[in-house]
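Please read the briefing below alongside the sequence and the coordinates. It takes up a chain fold, an interface and a single residue in turn.

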Amino acid sequence: MGLYRSHVLICGGTGCVSSGSLEVLEALKKGLAEKGMDKEILVVSTGCHGMCEMGPIVVVYPEGTFYCRVTAADVPELIEEHLYKGRVVERLIYKGEGKASDVPHYTEIPFYKKQHRIALRNCGYINPDSIDEYIARDGYAALVKALTEMTPEAVIEEVKTSGLRGRGGGGFPTGLKWSFCARSAGDKKYVICNADEGDPGAFMDRSLLEGDPHAVVEGMLLGAYAMGANEGYIYCRAEYPLAIKRLKRTIEQATEYGLLGEHILGTDFSFELHIKEGAGAFVCGEETALMASIEGRRGMPRPRPPFPANKGLWGKPSNINNVETWANVPSIIRNGGEWYAAMGTEKSKGTKVFALTGKVNHTGLVEVPMGTTIREIVFEIGGGILNGKKFKAVQIGGPSGGCLTKDHLDIPISYESLSQVGAIMGSGGLVVMDEDNCMVDVAKFFLEFTQAESCGKCPPCREGTKKMLDILTRICAGKGKPEDLEALEYLGTMIKETSLCGLGQTAPNPVLTTLRYFRDEYEAHINEKRCPAGACTELTRFIIDADKCIGCTKCARVCPADAITGAVKQPHVIDQDKCVKCGACAEACPVKAIDRR
Amino acid sequence: MKGLGETFGSGAMTNDFKSIKEADVLFVIGSNTTETHPVIGSWIKECKAKGAKLIVCDPRKIELSRYADVHIRHNSGSDVALVNGIMHVILRDGLQDQAFIDERVENFEALRKVVMEYTPEKTSEITGVPAELIEEAARTYAAGPNSAIFYTMGITQHQSGTDNVRSLANLSLLCGMMGRPGTGVNPLRGQNNVQGACDMGALPNVFTGYQKVDSKDVRARMSDLWACGDLPASPGMTLVKMMEAAGKGDLKSLFIMGENPMVTDPDTNHVRHALENLDFLVVQDIFLTETAQMADVVLPAACWAEKEGTYTNTTRTVLRVRKAVEAPGEARADWEILNDLARSFGAAWDFRSASDVFDAIAACTPSYGGLSHRRLDEGPLAWPCPTADHPGTPNLHVGKFARPNGKATFAPREWQKPHEWPDEQFPFLATTGRILYHYHSGSMSRRSAPGEFVRELFIEINPADAQALHVDEGMMLRVTSRRGTVSGKAKITDRVPPKMIFLPFHFAEAGANLLTAAVVDPDSETPAYKISAVKVEKA
Amino acid sequence: MTTTQEEVLSKVREIVSPWKDKKGGLIPILQQAQHEFGYLPPEVVQAISDEMLIPLAEIYGVATFYAQFHLKPRGRHVVRVCRGTACHVRGSLKILEKLKETLHVTDNGTTEDLRFTLEPVACLGACGLAPVMTIDEQTFGRVRPEMLGDILGKFE
Amino acid sequence: MQAIDLTINGKKIAAEPGMTILQAARKGGIHIPTLCEHPAIPIAGACRVCLVEVENSPKLLTACSSPVAPGMVVHTHSPRVLAARKAVVELILIRHPLDCFSCSSNGKCELQDVAYELGIKASPFTDEGDTCRDYALEDANPFYVRDMNKCILCGRCIRACDSLARYHAIDFQNRGIRTMVHPPVGKDLEHSDCTFCGQCVQLCPVGALSEKASTGQGRPWELKSVKTTCSYCGVGCELNVQVNTRTGRIANVTTDYLSPTAVNEGRCCVKGRFAWQYVHSDDRLTRPLIKENGAFREAEWAEALSLVAGRMTAIKEDFGPDAIGFFSSARCTNEENYLLQRLAREVVGTNNVDHCAHL
Amino acid sequence: MPKIKTLDDLKKIKESTMDLTGARSQGKTRIIIGMGTCGIAAGARAVMEAVMAELSRRGLKDVSVETTGCIGMCQDEPLLDVIHGGESRITYGKVGPDDVPRIIAEHVVNGRVVEDKVIGRTD
């Protein structure tokens, strides 16, 4: 391999690919070859950088210049100016808060500066298709260490010491979970990676699998060694074709190097790893449903106990962790549990990856130490609310999470603190909402999702979520009854109490938390037939302020429903019965005479 | 029954139902178990699901074939050759249980000699089964460790029926698959109380418990117990012989209890002639059946739900039958009628209850000696159960066979061509049998819900043959043998191989037995229902 | 595309063969079969049932549980028309009606030549471009009925 | 094996290892309501009705699926449990029709029992249009009727078909609120793998599955159960004939999956369960018949019997006893077969006795 | 591909891949070449090629090669700056390809500034 003076890293994650990063990659390769610079500059396709909305992202090393929204058309300039002449192409660099005076190094950008990347440490930095690059970043060193210097018990102890807890949402101490499975008798055991990330808006697992798949595999190898398993599955949703492709390549490479297969590193430890593609069922993120799905059955959960550690896949002791959990393990083994435990809060150690979305300036993946406040994430890393609007709430924990208010902004995030206020860590979805979001509508949105994904096995989830959705639908339509709130609270509490699996046990959270913190909005919908945020169409009214109206007829002309009448130069009127609430009139009005209420 | 009797010393099913679940290999031959014995079929499928191996041998593609590890579709009537071929492979490869043979079986050399001829190639030629399948079946069966054989009428209803059974017995002895749970040769009885009727001596040559009528001691003991005079010494005629004798006019009178030979017996036209030829026919039944209509006197009997008594199932287990409802009108339980009829003959019978009768059975039948209604009310028991404190015998031949020297014997048999074989004039092979929804002559099942579900005769025919005959599903087919003709709706299915048709025999108005020949197995006198040469036409 | 029974059977045999002696093959088999046939036709499901000895009811139970599987033929291209509020008020119904008329299909129907499947969807999340439709991965915004001919023409 | 000691509702119970809380409670005579559980089939843990409170466990546990552990302290009827159980039943009842009045399961409906136990009359959450799922009644076969509107999706029928009948002819189709129990998509029951053994019908806890011939034949409390043996085939299945004590007619036939004496372990086939109507068939023979001039006339027993004895005696005298033959029956009881061969041998004096053992 | 059996095997792969990732961090030593229009006209490309060849020949890791625009000392082009460790930035002027091996041997490897070519020093 020759020596390259410069490496140009292009994000090959799903986000950037859909914004056209493949074309950029091609253009770069072609352009460099034409200039005869392909021997001195290497172009590398990497995993996700986390800042997908700014994609396609290109980073030029050794300077660490971070370019965003690069198109194929920008490439000649990039080559000529930066790569040939060493002059930064200022118009393409990331502009942070609008100051472009100095060109920040990648790591100096506020979005990244506050982060502490352990799970994501290689994402966007190495070529995920190259096992050598992973090894160059100390990859598989933890495996060698474990197999040559540590007993399985010692590996579990190290994970226990680290305080790592399940990153898929449950937050169960990983080391303890491993010790259960390790203790369970059986000649055959399985380790499983849950990569069935299904929360709308969450993509941390996808990024990890696409950006650093070897870390996940190494984590599983360590777990398998610690628990005495010799076979593993990665259950990945079929909607992540790139992740699956990368994983297949990863398994091939690791097998070639003898890091998977028989007698790994010449020891007695053998491990076989399979990939299973999901088939489109959110509930398969639940571990017993996931196992049923691997077995080829309907992905319906079953009650625990017996726990998978005793009776899991095909009745054999099994251990399931999610992608992020596994990805943390190699660093923990390499650097020691103490190192990991030094980060985070008393009970929630280490870092957590969040998918920051919604009405925030910088959306994307952020990895921060536990104990970071929501304020830091939303306002410092995320750059605050879009368009200078007012922060209203943050929905945390995915569709099963809860909505928190500005009063919770300074809560240091940890499993405990979140559950205290009715939310959950979940897999790490963080949706920021501003004053234009109706909380009833938001609750309804999430419930629509969980209701549609209910497997139908247990009555509380099957019948209960449907009934809650029915009630929310009618509240949003202005047909709510005063007793509905009580019914929602009762149903929500009981569904949580009686449902079979995590999906049902958490599905009411968005409703219950919004009822708790935004009850006035519900009451406005029911009692005043009014949506304070103006989001629920059926409760929204467009009214022409007769004092302001100049009678220009523009509104009447754009109205698709012919609901606006009025003579030229006379104030116009909207017939509320005919109005379809499209808002076209308000947009068209030159004097802002139309109010949305 | 005879085949097993002479080989093992007892003709009954060797193992109980629990034993099925302990089998590692299930060898099902000539038994469409899921249709004829659905509950046993469900256990076989359960075993298979839990990892047991399944060998299915049947010319038809039956439901169990779907689950078979080894599925053999041999030519109808080639069973002896098939089993000999399997044994050939076992002996060739030394897979037999020599210790078991040495210790417990006689006549091994004779078997070796016969079986030697049946190389897989030769067997394949006779049976139409690829040699590899024969080899695989042999290896699978011999590997066990516990292999059980199940068969039904597909084995016995041939002219060579007894030889078929003997061959299966040879196979099980060869591999020592006997006397342990999960092994054995298990004939699944077609009717609810075949075992009991035999046990009770409703056979021409034995009293209850297979005590031979030609034994002077036995007769003496019986006449003692029954307090009667001399009992007839020479074995009587079998059912088929009686029918023949009636046809010839040698038999003048027949008393038929609960049977409908006009539907169930072979060669219906011949049966009709025989019954018409009788001087005096008495039929005791619950319906005015096709046979009852020909009777001089018809006696109305109580049915299953209307009387007390016992049945003995296919595993020799004696079970209680209890009265649930009153019989209609003046209909009476068969045992009551028989008691009164005997009195009309002048005999001093005085049975007050079925329980009374059972006590009399126990008194004269050693294997039933320890049984009584009282004991059976607590739960069924398998015979032999000689004394009141005996726990019954779920598995036979544990350690010792029932023959005089305690040893079993090999009964090697050569394969013989069936009595009738398709030819130019009658190119199809017809086979008859039961279907799930019906029972026997259909007099009960056709008057119940299943009768509404399957109303009429259908004839299974292979798609290739149907195409050649230009016949579509549901079109009428006419089937003719040397004895008669029936018509039924075509059911086109690859369950039957080409040039074979299958007809259920439950439908009197389109009686499959119009086709069958009254040809019987010379040993057991079982009719050869499974093979008739026929021609098939579009009706 | 017509496929004979034998072709179906041999294809299915090929698909199931890696799973014959392995556990957990049903979902990958169905995925592969759907990939092969475009959807899961009854004869294919029956053949899978016969080959794998998995009860038909169980296979359908699995196939109807997961969103990925389709029991009816799907077109080579999936046309999604947004029926969200924003699109509705800007005439998406007219787009939908015109498509139905042009393609001779009903909602969620597939053209006879299996070229297109038409799916009205709740919202495509591109309200700024209303009315919106997508064909496969491509998004078309501010669609007018008279544009449909050209748009459909791009997809064979 | 060492017994596992636990406490349920303050009562000390010694359970066997491997038992569930439900089994231990039953052993101790403590009632926990259930819907999806049935001892003959595998556990599903679906219906949530058997939730119990176990001390030191933050969540309520399903008694049917949770194994006992030493020292476990269980409450089956604590306020928390009762509240949860009530909610579950209220939720099930949202879409369950309340036509109990005419339902064939009235009196044996397990949902009715639980609702009664908890004092629930109807679901407080039912809105107009909820109960009706608009499934058409499926009654094309003569054996049983499927009314999927009443189905509570407990899955007992599916598990019965899979693990007892071993056909797996039905399964859940679709998911979530659209879940239903059905044969393979596009097929009806009559063209599925179903063989109508009716085990699913017996295991249905509500009225979603009901026997066709039993409709109107008797309410559960009018029936007496007579344990007997099936008369079809040689298996010898133990059956319980349910007789209406008022009419004296059979209402239906059931099996007992827990019977220690049943060789069939509760299993049965279509004939055992559904082929009993012939017993009450109108064309049953009710009086002896004597043929005169080619036609039958009814006769008294005495006349018929003496005619038989007389004619046979005469034939015996003219042609010897071997001119007479007896066909016995493999469908009659042992007692009857015994008497017939004895009649032939002892009374008539011939060994011409046989039966159709081979058919 | 040989199977990895030991930590040493792993280290070997890591070593051989170091130059890859070395280029993705600013190396311990930075070589910066003026690549403005004037620099290129004066032959900066040839200088850079010589730098790459020499680094490659010596198998040097942890040296990053950067380019920069015109620094305003056009009369001395081609310009080549070396920042060795945390030391001052030394600017060499009128560098020809022939000078490159000497600068690398002396300054980059041994840390001794090649005084005769130095035209500037920045802290």
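In chain E, 63% of the contacts with a separation of 6 or more are between residues 24 or more positions apart, a contact meaning heavy atoms within 4.5 Å. This is a predicted model, in which local features need pLDDT of at least 70 and side-chain atom pairs count only at pLDDT 80 or more, while totals for chains, interfaces and linings use all residues. Residues are numbered from 1 along each chain as its sequence is written, chains are lettered from A and ligands numbered from 1 in the order in which they are written, and side-chain values use heavy atoms, with hydrogens and water left out.

**Chain E**

- Chain E holds four helices and five strands, taken as DSSP runs numbered from the N terminus (helices H or I, at least four residues; strands E, at least two), and from the N terminus on they follow the order α-β-α-α-β-β-β-α-β.
- Of the 123 residues in chain E, 48% are buried, that is, under 20% relative accessible area, where exposed is over 50% and partly exposed lies in between (1.4 Å probe, protein chains only).
- Carbon and sulfur atoms account for 51% of the accessible surface of chain E, which comes to about 5,700 Å² by the Shrake-Rupley method with a 1.4 Å probe.

**Interface of chain D and chain A**

- The size of an interface is often given as the accessible area lost when the parts come together.
- About 2,700 Å² is buried between chain D and chain A, with 56% of that area from carbon and sulfur atoms; the value is the accessible area (1.4 Å probe) that the two parts lose on being put together, summed over both.
- The contact involves 36 residues from chain D and 35 residues from chain A.
- The rule finds five salt bridges across this interface, each requiring a side-chain nitrogen of Lys or Arg within 4 Å of a carboxyl oxygen of Asp or Glu.
- Glu463(A) and Arg95(D) form a salt bridge in which the closest N and O atoms are 2.8 Å apart.
- On the side of chain D that touches chain A, β4 (61-62), α2 (79-94) and β7 (171-173) of chain D each supply at least two residues, and α2(D) gives the largest share, nine residues.

**Glu97(C)**

- Glu97(C) lies in helix α6 (residues 92-103) of chain C, and Glu97(C) counts as partly exposed because its relative accessibility is 39%.
- Glu97(C) and Gln32(C) are 65 residues apart along the chain, and their C-alpha atoms are separated by 34 Å.
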